[in-house]
Every structure is written in structure tokens, then in C-alpha cells.
Amino acid sequence: MKKVFAFLLVLCVAFSLFGTFAYADELSLSAVSAILIEAETGTVLYSKNADEQRAMASTTKIMTAILTIEAGDLDREFTVDPYAIMVEGTSMGLREGDIVSRRDLLYGILLPSGNDAANAAAVSVAGSISSFVSKMNEKAEQLGLEKTHFVTPSGLDAEGHYTTARDLANLAAYAMKNELFREIVSCKSKEVEFGNPPYKRTLYNSNKMLSRYEGAVGVKTGFTDNARRCLVSAAERDGVTLIAVTLNAGDDWNDHEKMLDRGFSEVFAYPLETGCSAKVSVAGTGKEIGVYAEKATLTLMPAQRQKLERRVLLPRIVYGAVKKGDKLGSLEYFLDGKCVKSIPLFADGDVAEECDGLNFWQKLLSFFGIYV
């Protein structure tokens, strides 16, 4: 009997292991490195060699574009640097003497993946390509992309130019929070204007996911001889946003479809509990003010719902007049110790200011919006 039990135990373990291995390899991706994350919480839904450093080709331009957007002054027209646009590879068609705006360069960077556009934007923003690259690495450090290093704004092969699938997914998640970036990468084509004198022409997006995958909203393709095929994609369905990355892939379109299909079967947008009964005292009035939050959802795996922790962040006292809709604090939601969502708490009514009971220091703190 003991032998039979032992045999059955070994058999169960074997089947268990087989099932684990089968699930892990179920996607059968062509990519050497890959990752799939939920954009809002950063939850990793699938990974394969996600922390191995690899060349990233033109997915580099995600960083180039977001820095250009954050530099502002997007609609001022200027003449492109003639040396910056003398670059090999894909192009938006810039020529010496062309006049263009940073906004139109962004479409040139992200749709046809113009290396000329990337370099022109870099010089426009930072004064030189080398100075812009320094800004790229500073931004990478700020975002915690510890295994990423940039050498070019375009992504052309260069020694020391690398990232990981994980870092690239996190960069894309950051970029997709920017409304203009999201708008651009979701365009299949865009009419822009540049030249000398400027004239209109149409740029087309190289990202086939926009046409072949339901809910696709971006992000960026890439290819060099060293990096091979690279792709970052994003898709949205039913309030869920997923980001997929593949580096060195032979069949990236299908790789991404497989990953995204799995992701949408595993995570869901759940409504959050946003009711709050807390009240805040309004100094010098003897009155309290209630708060409210707007309805919101958070994308989670079913098992994560029980782990979600909610914290109410409110001052004990506020100074000065309070009007309905004033932001007084926030509801913050934590998952495994990390804040994954913050929702503003607003005053639900008006309280007129009564300064007679406030001393000088309280009035001064109130002026600067500091509550104690």
C-alpha cells in the first residue's frame, strides 16, 4: 500500500510540474526577451528574459518623443539643423533648410520612425545631440530604469545603447500617461507640414498592431541589424490597458497578439470603494466639512482584490474659506506596499472664512496652503 501511495504521489508531482512548464511555455514566443504588464499598477502578467540587457532599435524614440513633449514650445517653427538630419535609416523626409515645428517632428519620430526627426528634435530641445542624450539618461534614472542607457536619440546601433524589456515597458507606461503622446502613437496616419517653404504631406505609422489587433492604441516599432525586430505595443479593452514588449523577435506581431490575449483574460477593471465619511475642521469657524471622491476603477487580477489596502489622507484642520469642489486630500490604494492609485477628495460644501480666531502664523500657513 505504501508503494502504491508513493507512486501516486510521484505521479501527481510529475503532472503538476508538467502543467507548470506547459503553462510557462504556452505562448511559444519567438522573442528572445519579452514582458507584458498592466499599465496602471505595473503588475507583470508574463515575462521571458525580461531583465536581460539588449539593443532596442527605434523603440528608443519613446524616450526621445516624451522629452520633446515635456520641453514644450511645440508649435514654434524653426529651421532644422543641417548636420542633425544627415543620418542613415528611416526618415520623415527632412532636407537642409526645412522649416518645421516640434509638434510635427513628433509625428515624424513616432509614425514613420524618422531618424532625421529624432535628431532634429534633439538639437532643438537641448542644443546638441550629445546634450540631449544626457537628458535621456537623466530621465531614465529619474524613472528608475536602472538597466537602460542611451547613446543616440534615434536608436541606431551604438556601443552602450541598451535596455531591458522590463525597463522599456515601464518607460512606455510612463509615456502613455501623456495625452499628446497617446494621441500620436494611436494615429495610423497624420497630415503634417514642413519644407522650405512648408507644405502639407502625410506620414504613415509603421505599427501594424493598430490595424490587426482590436483595442490597440500604440506604441512603437524598431529594427536594426543588431537589435533585430523590436516592438512595444499597448491595447485597451473594457477599462484595462496592457503594454507588451518584445526584443529580438522573429514574429513580433503574433508574439504581441498572444501576450495581449492572455493579459485580457487575466485582469479586469474593478470599481473601487470611494465613499468616505471623514470630516475636516475649518479653523476659526467651529465647523466641519465633508468630503467626496468621484467613482473610479482599478485594474487587478482577481487574487489581488483581497490584498488592496485603502488609506484616507486628509488634514485635521484647514485654514481659510472652503468652497465645494476644493481638493482637501486623497484616497490612496496600495498593493504589496506600493501606491497604485490616488483619487482626490473634494470638499462637499462651502464654509466661509472667519479669521478672527486665527493667529498670525496660522494665517501665514493658510496663505501657503499648509495645514497642521
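**A buried alanine and an open sheet**

Good morning. A347 is a buried residue, its relative accessible area being 0%. Please bear in mind that the model under discussion is a predicted one.

A347 belongs to strand 17, which spans residues 338–347. Why do we class A347 as buried? The class applies to any residue under 20% relative accessible area, and A347 is therefore buried, with a value of 0%.

Which residues surround A347, once its neighbours within four places in sequence are set aside? A347 is then in contact with I289, G290 and Y292, with V322, K323, K324, G325 and D326, and with L328. As regards I289, it lies 58 residues from A347 along the chain, yet a separation of 6.5 Å is found between the two C-alpha atoms.

Five strands form an open sheet in the order 2-1-9-8-7, and their pairing is antiparallel. Strand 2, residues 44–48, and strand 7, residues 216–224, are the edge strands, each pairing on one side only. From one strand to the next, the twist averages 5 degrees.

How many bridges join strand 1 to strand 2? There are 4, between antiparallel strands, with strand 1 covering residues 33–38. Across this pair, I37 stands opposite V44 of strand 2.

Finally, a helix packs on this sheet: helix 9, residues 252–266. Helix 9 touches strand 1, strand 2, strand 7, strand 8 (228–237) and strand 9 (240–249). The direction of helix 9 makes about 150 degrees with that of strand 9. Thank you for your attention.

Methods. Residues numbered from 1 in each chain as written. Predicted model: local features only at pLDDT ≥ 70, side-chain atom pairs only at ≥ 80, totals over all residues. Heavy atoms only, no water. Pairing = 2+ DSSP bridges. Helix = DSSP H or I, 4+ residues; strand = E, 2+ residues; numbered from the N terminus. Axes fitted to C-alpha atoms, helices over the stretch in contact; angles between N-to-C directions. Contact = heavy atoms within 4.5 Å. Buried < 20%, exposed > 50% of the residue type's maximum accessible area, 1.4 Å probe, protein only.
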